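Please open the model in your viewer and keep the selection tool at hand. The tour below moves from one selection to the next and says what is to be found at each stop.

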Amino acid sequence: MTVAQQPEALNFECETGNYHTFCPISCVAWLYQKIEDSFFLVIGTKTCGYFLQNAMGVMIFAEPRYAMAELEEGDISAQLNDYEELKRLCEQIKRDRNPSVIVWIGTCTTEIIKTDLEGLAPKLEADLGIPIVVARANGLDYAFTQGEDTVLAAMAHRCPEKSPVSETEKGERNAIQKLMNFGKKKEDIAQDESEYVDHPPLVLFGSLPDPVVTQLTLELKKQGIKVSGWLPAKRFTELPVIEEGYYVAGVNPFLSRTATTLMRRRKCKLIGAPFPIGPDGTRAWIEKICSVFGITPQGLDEREAQIWAGVEDYVKLIRGKSVFLMGDNLLEISMARFLIRCGMTVQEIGIPYMDKRYQAAELALLEKTCQEMNSPLPTIVEKPDNYNQLQRIYELKPDLVITGMAHANPLEARGINTKWSVEFTFAQIHGFGNTRDILELVTRPLRRNNNLKDLGWDKLVREEAKI
Amino acid sequence: MKLAYWMYSGPAHIGTLRIASSFKNVHAIMHAPLGDDYFNVMRSMLSRERNFTPVTTSVVDRNVLARGSQEKVVDNITRKDAEEHPDLIVLTPTCTSSILQEDLHNFVERAQLEAKGDVMLADVNHYRYNELQAADRTLQQIVQYYIEKARKKGELPTGKTAKPSVNIFGISTLGFHNNHDCTELKRLMADLGIEVNTVIPEGASVHELKSMPQAWFNLVPYRELGLTTAKYLEEEFGTPYVDITPMGVVETARCIRKIQQVINAQGGEVDYEDFINEQTLHVSQAAWFSRSIDCQNLTGKKAVVFGDNTHAAALTKILAREMGIHVVWAGTYCKYDADWFREQVSEYCDEVLITDDHGEIGDAIARVEPSAIFGTQMERHVGKRLDIPCGVIAAPIHVQNFPIGYKPFMGYEGTNQITDLIYNSFTLGMEDHLLEIFGGHDTKEVITKGISAESGLNWTKDGQAELNKIPGFVRGKVKRNTEKFARERGFKDISAEVLYAAKESVGA
């Protein structure tokens, strides 16, 4: 470990933006699975389709609720009428799948030819009788996970404004609630409610797998905090009520547009907290929410310590090792903060886009973590240049590079351990309970190498091969 | 607009990138938005490339939309030239640049003034060509560029090589079993006493291209890639080409006889008949297989074939002509070259299907109910759904179709590989069928369901719901661990909270 440094500010840089990442339309891959009654229509070219087909791998064969509206030359040169074309395709989708919502994903092409998707949607929605949500998730403006941000920001407008029923009616009208309470005495139900502290409604935003939603919801329940709703919900028809003055909190670092929309358009109060990634992040997230509601958090010390003790076998493997994040999915700041807490040294944090306001609490926690762990403050490189990064990687020789698949195999062939960054987007990494899952991913290359270390095959490119 | 879920051939720029990155020391720069460099991921993952894919993007973003690329493309070209010193940089247009209509030619000319290497614009329009057509065109464009360059400099070698020699075309990165085919073809040429002059594009240096006219003939084993180049060289230098795919016993022999004819027409005196005979009867096992009882059992069984022109046509002929299998329909997604396909397979199947709509193909499979399918990965999945075995014979393909072991489809070893592929597909189907008739391998009931059957613990509704979300293959383990945890702590009811508490405590 380096000599204790005087605390200084985090260093931000910005490079050329010549880096590899997934196109933001990839968000349909996880969002169509999350929102079960949705259908995603990507309005773009063969290039978009080819990307989705290959990036989604075997999912494509499972009759996904997504399709391309593939633009042809006639669409580009406006020989065909956009409205008529979209109407024809959406009618077919309605006939074949009958979804509760059709999400149009605008792409680079619709941007360039200036297709007025936002203008066409309400008209077609009225004609068709199915809500149409427009999200412009294109490669001109956004990277990878930011695609979800554009979709959720658009969905935020669709959340009901008022709870449809008053408290007294609720018992009669909410049949499902009634069914679930079936057999329970009135006092029990009342007791259910009394498990919560009286606080203003809280809605969380960010798409997570259902088991993680349950885990985080229960985690807050332990502090007496009730999660009134979640954007997105399992179904489009179950989008949460958002009234003026509600509190909202993000669970992922790439949701800045959604946060902005909730604040400005829906008049919500944003709880700016670090993100619940890693036990340190989860704890800080809960503490921040508690503090906003004036609650003293219970038992978090023991809980965090317990989790750390439980994963010590994994942490042992990475403690004192260095890591370089090339940057492609915006989880980088939280990941780096967690890895520093694990005892790693972070050499560089590449990130596609850095919203210093939305991530303020996370950045502060990163800084604090560095000081507490006596680790140098890493440089944060926004819009990195992959070529330059590779030169720095050769120089720094990190123990682990977290990177996209385009660079992973070539780096491995040069004896540099890599972890494929996209896995962090799809794995369950939130909350206390998933700490082991993150470490499982991070330590996998190191564990693999421990198994192979005596073979002497760490560099597998010929010397003349240019690196 | 077209509603599309799946496509058989990719966009044009993929074809160009496949050619550029197959050559040695050639770099491609895509004029594209962020995220369009997915080609690098595919090449790195599917063909497990050890080297960085020589493709970078000159990113089209909002600024480019507003002001045009201006210096950006030129800067990116000259920067790459200085960093990597490639022999050639291919500026690759995408769907985005097709609509922006920037003067990419001009950028290339300006960059060429500064760059030490050569710079070229791939002449492919996204809306006119698909991946395969674009690859074919780009290969021709690069060959022509270097032939003309050499001619201008007076460096073009004249005359043919002393011994009969060949240029092998069409071997490229991400091609279906291309590397294995290449090895097999080189081996075949060596057996025939033919020198291999060049192999393009895979592993070739652009400096070799000027020596292409020295070959006695060109071999174009794949219908989709290389024909335009072969025709160009025929026009320029009178070099004949052989475009018979040596796939299957009969077609391999036909290809070799054609080579014999071409060589003898130029004064060679070769007779390959004994070689063909020896290989057919004793090296390849395919001819013997056709006579064996195994193959007899396949007689008249129904099959369908779908893929690119080369592979679908070759497989159809092998199935029908060499194995006596009833090909109900054969199809291709190479719509632009449908006439050739029809002409090749018409006499070997009942019906020809030309489409790139996977739904139509799926329906046609369901309608026919064949005993086996030979198709792409998409047909393999249709087969899974309908419980019909499928042998994969053409792209689009997954990582398992890039085997490490030696599996050519061409030449005499290729005939052995194809025989295995076909026979294994059918027997699997037979076995499956018999199992169904006789009620599975093992008809004994499972009597106990493990230690957790009588736990005395109560799973609450939400607990059970959470448990059901856990993937089936670990659910049993999670259930047992949770119940153990609950028993130790004296919980009677297992709720979702208990489940996750247990998960944390055992790290499961």
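Leaving aside its neighbours within four places in sequence, with which residues is Thr261(A) in contact? Select Thr261(A) and, setting those sequence neighbours aside, you will find Ala153(A), Ala156(A), His157(A) and Arg266(A) in contact with it, where contact means heavy atoms within 4.5 Å. Thr261(A) belongs to helix α12 (residues 256–264) of chain A, helices here being DSSP runs of H or I with at least four residues and strands runs of E with at least two, numbered from the N terminus. With a relative accessible area of 12%, Thr261(A) is buried; buried means under 20% relative accessible area, exposed over 50% and partly exposed in between, with a 1.4 Å probe and protein chains only.

Before going on, note that this is a predicted model, in which local features need pLDDT of at least 70 and side-chain atom pairs count only at pLDDT 80 or more, while totals for chains, interfaces and linings use all residues. Residues are numbered from 1 along each chain as its sequence is written, chains are lettered from A and ligands numbered from 1 in the order in which they are written, and side-chain values use heavy atoms, with hydrogens and water left out.

**Helix ends in chain A**

Select Ala55(A), which lies in helix α2 (residues 46–55) of chain A and is partly exposed at a relative accessible area of 28%. Apart from neighbours within four places in sequence, Ala55(A) is in contact with Phe22(A) and Tyr38(B); the C-alpha atoms of Ala55(A) and Phe22(A) are separated by 8.6 Å, although the two are 33 residues apart along the chain.

Rings of Phe, Tyr and Trp (its six-membered ring) pair if their centres lie within 6.5 Å, and planes under 30 degrees apart count as stacked, over 60 as edge-to-face and the rest as tilted.

Next, go to Leu396(A) in helix α18 (residues 386–396) of chain A, a partly exposed residue with a relative accessible area of 39%. Its contacts, neighbours within four places in sequence excluded, are Phe324(A) and Gln347(A), and Gln347(A) is 49 residues from Leu396(A) in sequence but 8.0 Å away in space, C-alpha to C-alpha.

Most residues other than glycine have a negative phi, and most peptide bonds are trans. Select Lys383(A), which is not a glycine but has a positive phi of about 45 degrees; Lys383(A) sits in the loop between β12 (379–382) and α18 of chain A and is partly exposed, with a relative accessible area of 38%. In chain B, His177(B) has a positive phi of about 50 degrees, again without being a glycine, and is placed in the loop between β6 and α8 (178–191), where His177(B) is buried at a relative accessible area of 9%.

For the peptide bonds, look at Leu231(A) and Pro232(A), joined by a cis bond with omega of about 5 degrees; Pro232(A) is in the loop between β7 (227–231) and β8 (247–250) of chain A. Another cis bond joins Ile200(B) and Pro201(B), with omega of about -5 degrees, and Pro201(B) is in strand β7 (residues 195–201) of chain B.

**Chain B**

After α9(B) comes Gly238(B), whose phi is positive, near 70 degrees.

**Aromatic pairs**

Over all chains the structure holds 19 aromatic pairs. One of them is formed by Tyr145(B) and Tyr146(B), edge-to-face at 5.0 Å centre to centre, with 70 degrees between the planes. Which of the remaining stops in chain B ties together parts that are 137 residues apart in sequence? Select Phe275(B) and Tyr412(B), whose ring centres are 6.2 Å apart with planes at 75 degrees, so the pair is edge-to-face. Phe275(B) lies in helix α11 (residues 273–283) and Tyr412(B) in helix α18 (residues 411–438) of chain B, so the pair ties together parts 137 residues apart in sequence; both Phe275(B) and Tyr412(B) are buried.
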